[in-house]
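Look at the sequence and the model before reading on.

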Amino acid sequence: MRKREKVSALIKKCDNILSLLVRKRDKCCVCCGSKERLQCGHYISRRKKSVRFDLMNCNAQCSGCNIKHNYDIAPYTNYMLVRYGEQELKMLCEEAKKIKQWKALELHELIDNFTEQLNTLE
């Protein structure tokens, strides 16, 4: 039986494990190729809860490209179109319009899933 944790604590935990997974999966910035100061860059803002933990929406970016994405979306958009295609990107954008409230059980499942994926990469 899992201990009861607040949803906010679980979201933070999920963010952390997702960031580790994305940086390990991608190994370099998807925009410029740098391997320095990698972060988990969200194509669509983390404020859009419905896609916050979507692995397609999360890709490694160096800190510079992650900041630059706030005012120049072209490099990240080009990467997304090449990697996933226009139709998949359009579906991601549609998903982002949905309202989502995360439940503790869902977050526990995501954490377990991301942890399992991370372990397969190591």
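This is a predicted model: local features need pLDDT of at least 70, side-chain atom pairs count only at pLDDT 80 or more; totals for chains, interfaces and linings use all residues.

Which residues point one way from β2, and which the other way? On one side are C58, A60 and C62, and on the other are N59 and Q61.

**Strands**

- Residues on both sides of β2 are buried, and the count for this strand is five of its five residues.
- In a regular strand, side chains alternate between the two faces of the sheet.
- The partner of β2 is β1, which spans residues 38-42.
- These two strands pair in the antiparallel sense, over five bridges.
- Within this pairing, Q39 is the residue that stands opposite Q61 in β2.

**Nonpolar cores**

- The largest nonpolar core has 17 residues.
- Those with the most contacts inside this core are C14, L18, V22, F53, L107, L110 and F114.
- Three elements each supply at least two residues of the core: α1 (7-26), β2 (58-62) and α5 (104-121).
- The largest share comes from α1, which gives seven residues.
- Leaving aside residues up to four places away in sequence, F53 touches I11, C14, D15, L18, W102, L107, L110 and F114.
- Another core, of eleven residues, lies apart from the largest one. Among its members are Y43, Y76, Y79 and A96.

**Largest pocket**

- The largest pocket holds about 190 Å³ of space.
- Its lining consists of G41, H42, Y43, I44, S45, R46, R47, N66, H69 and N70.
- By type, the lining of this pocket divides into two nonpolar, six polar and two charged residues.

**Cavity**

- How many cavities of 30 Å³ or more does the structure hold? It holds one.
- About 40 Å³ of space lies in the largest cavity.
- The residues that line the largest cavity are C31, Q61, C65, K68, H69, D72, P75 and Y76.
- Four residues of the cavity lining are nonpolar, two are polar and two are charged.

Technical notes:
Residues are numbered from 1 along each chain as its sequence is written. Side-chain values use heavy atoms; hydrogens and water are left out. A nonpolar core is a set of buried Ala, Val, Leu, Ile, Met, Phe, Trp, Tyr and Cys residues joined through side-chain atoms within 4.5 Å. Buried means under 20% relative accessible area, exposed over 50%, partly exposed in between (1.4 Å probe, protein chains only). Helices (H or I, at least four residues) and strands (E, at least two) are DSSP runs, numbered from the N terminus. Contact means heavy atoms within 4.5 Å. Two strands pair if DSSP finds at least two bridges between them. On a 1 Å grid over the protein atoms alone, a cavity is a set of points where a 1.4 Å probe fits but cannot get out, and a pocket is an open set with protein on both sides within 12 Å along at least five of seven lines; lining residues have an atom within 4 Å of a point. Grid points are joined across faces, edges and corners, and a volume is the space filled by probe spheres set on the points. Ala, Val, Leu, Ile, Met, Phe, Trp, Tyr, Cys and Pro count as nonpolar, Asp, Glu, Lys and Arg as charged, and the others, Gly among them, as polar.
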